[in-house]
Amino acid sequence: MPGRKSDIFFIVVALGAAAFGLMIAHAHHRNENAGHGLKEKAMLVERLGLTDLCLFTDARYARHPSMADLHTAFQDSPMSVEHFPSGTLILPPPHLRPR
Amino acid sequence: MSLLERHRNIIDFALSSLGRRWKKNLALTLVYAFIVFTLASVIFFTEAVKREARAVLQGAPEIVVQRLAAGRHDLIPAGHIDTLKEITGVGQVQGRLWGYYYEPSTGANYTVVASGDPPLAPGTIAIGQGVSRTLNVAEGDLVPLKGMDGAYVSFEVARVFSHASELVSADLIEMPAADLRVLFGIPEGYYTDLTLKVRNEKELVVVADKIRRLLPDSRPILRDEILRTYDAIFDWRSGLLLVIFAGAVAAFIIFAWDKATSLSMEERREMGVLKAVGWETSEVIAMKSWEGVIISLTAFFGGTLFAYVHVFFSSALLFEPVLKGWAVLYPRFQLVPHIDPYQLLALFFLTVVPYIVATVIPSWNAATVDPDSIMRL
């Protein structure tokens, strides 16, 4: 039984550090065993010639950001401003930005 | 008395002092932990997505050639395949057929792609888990899709892509190329875009330049550019990170500023009493520093551990409304965790260090004042 308050503090710090250790070990373990899932996704990408991750599905330029063109922001009319929430969250791909 | 024993005594006193104002300190620790949680969740999520994109999209086409008409992506004639094959170094050129399908009954958008190798049988489709969820269909069920002419065509679900592949396949409908042409009214002799394989990867940029010169109405997109797209999307300057980061950092600045400028009268008086009973200025500052360390370490450990559980065990549940936007279909993916010591160190220096500094500076100011004048306030 800890007798002093500082002992409780040291125990809490040790437990926190141990939990961090467990977190890093868990991440490492999941990484080691992720090969099958990653391979499955990579095979699907190769077989269907996919180019993007399915993160957003509301706007086409957010669903396939790498395939977006310079006019996607004005897809509905020349004065149309961006109105999809996902479009405000992502930057245009680097190959569309001025170098 | 040894240095260790001296500091243990100071920690004992700091904990008692925190305990006397436990409600305030508990609220402070919870707010602090929440800010750490938000920042850590963003860092874990974005790094995991970037790494997954790099690993998974390695198999993406080396070059995609799109045709642009009046600034918009247009169908590309199959005749361009022969033109591209003539470029030295180009190994294989294939047409890609794909498009988007809006399902009015569910309000979901799907990505329809032509079947790869081995091809699906005519009249059948393979669908992603997201499509299966929104349409409530499984293997063997019929899915009616509205064609260009307004007539519905029923397709039998031959396969549902696995949960594990949801990050790339959630909204996919794979169907035979001939069925896709009929559904979208794409005439024979045209493709959505073309994909190229180049014999020597070092020549990709040269080949892309030649494509631009040979087909001025087209634009080539390199695999390297596709991969860099995901680094850019989750770059710290991107909207997603900026919105969440800016909010959390602003909250933290207000929080630290408040801490730095509002040492309570009770705390000042406590410091005056300590100095009056013989504590040295350095000991008073050490006591306040330990208070800062105790609160910030608790918040750092708690916030980071909860962020890990949030991102890698609950599929970043709290980010879902942000990422979902107006979409009906949202992929449910389990990211592969990756913890970089650099990330943890950056988080530590971003949150713990400023807080301790913000605690020590006003304490130092108060501790150097004559105890008699503090107690008379």
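## How the two chains meet

In this model, 90 residues of chain B are in contact with 62 residues of chain A. The model is a predicted one, so please read every value here as computed from it. The size of an interface is often given as the accessible area lost when the parts come together. Here, chain B and chain A bury about 6600 Å² between them, and carbon and sulfur atoms account for 65% of that area. On the chain B side, the residues losing the most area to chain A are B:Arg8, B:Phe301 and B:Trp326; together they make up 9% of what that side buries.

Charged pairs also cross between the chains: the count is six salt bridges between chain B and chain A. A:Lys41 pairs with B:Glu52 in a salt bridge, with the closest N and O atoms 2.4 Å apart. You will also find a network of salt bridges that links A:Arg4, B:Glu5 and B:Asp12.

## The nonpolar cores

The largest nonpolar core has 94 residues. Those touching the most other members are A:Leu53, A:Leu55, B:Tyr32, B:Phe44, B:Phe45, B:Leu57 and B:Leu335. Helix α2 of chain B, residues 22-56, gives the most to this core, with 16 residues. Another core lies apart from it and has 24 residues, among them B:Leu145, B:Val157, B:Ile173 and B:Leu180.

Leaving aside neighbours within four places in sequence, A:Leu53 is in contact with A:Arg63 and with several residues of chain B, including B:Val49, B:Ala53, B:Leu57 and B:Tyr230. B:Phe45 lies in helix α2 of chain B, and it counts as buried because its relative accessibility is 3%, under the 20% cut-off. Beyond residues up to four places away in sequence, B:Phe45 touches B:Phe234, B:Val311, B:Ala316, B:Phe319, B:Leu323, B:Phe333 and B:Leu335. B:Phe45 and B:Val336 are 291 residues apart in sequence, yet their C-alpha atoms are 9.7 Å apart in space.

## Helix α13 of chain B

Helix α13 of chain B covers residues 341-367. At 1.5 Å a residue, its 27 residues should span 39 Å, and the 36 Å between its end C-alpha atoms agrees with this. The helix α13(B) bends by about 30° at B:Phe349.

B:Gln343 is found in this helix and counts as buried, at 7% relative accessibility.

## Salt bridges within chain B

Over all chains, the structure holds 19 salt bridges. One of them joins B:Asp231 to B:Arg54, with the closest N and O atoms 3.0 Å apart. This pair links distant parts of the chain, since B:Asp231 is in helix α8 and B:Arg54 is in helix α2, 177 residues apart. B:Asp231 is partly exposed at 26% relative accessible area, and B:Arg54 is partly exposed at 32%.

B:Arg67 and B:Asp217 also meet through their side chains, at 2.8 Å from N to O. They too link distant parts of the chain: B:Arg67 is in strand β1, and B:Asp217 is in the loop between α7 and β13, 150 residues apart. B:Arg67 is partly exposed at 22%, and B:Asp217 is partly exposed at 27%.

A local pair is B:Glu291 with B:Lys288, whose closest N and O atoms are 3.2 Å apart. Because they are three residues apart in helix α11, about one helical turn separates them. Both B:Glu291 and B:Lys288 are buried.

Conventions: Residues numbered from 1 in each chain as written. Chains lettered and ligands numbered in written order. Predicted model: local features only at pLDDT ≥ 70, side-chain atom pairs only at ≥ 80, totals over all residues. Heavy atoms only, no water. Helix = DSSP H or I, 4+ residues; strand = E, 2+ residues; numbered from the N terminus. Expected span 1.5 Å × (residues − 1). Bend = angle between axes of the 7 residues up to and from the residue. Core = buried A, V, L, I, M, F, W, Y, C linked by side-chain atoms within 4.5 Å. Buried < 20%, exposed > 50% of the residue type's maximum accessible area, 1.4 Å probe, protein only. Contact = heavy atoms within 4.5 Å. Buried area = accessible area lost by both parts, 1.4 Å probe. Salt bridge = Lys/Arg side-chain N within 4 Å of Asp/Glu carboxyl O.
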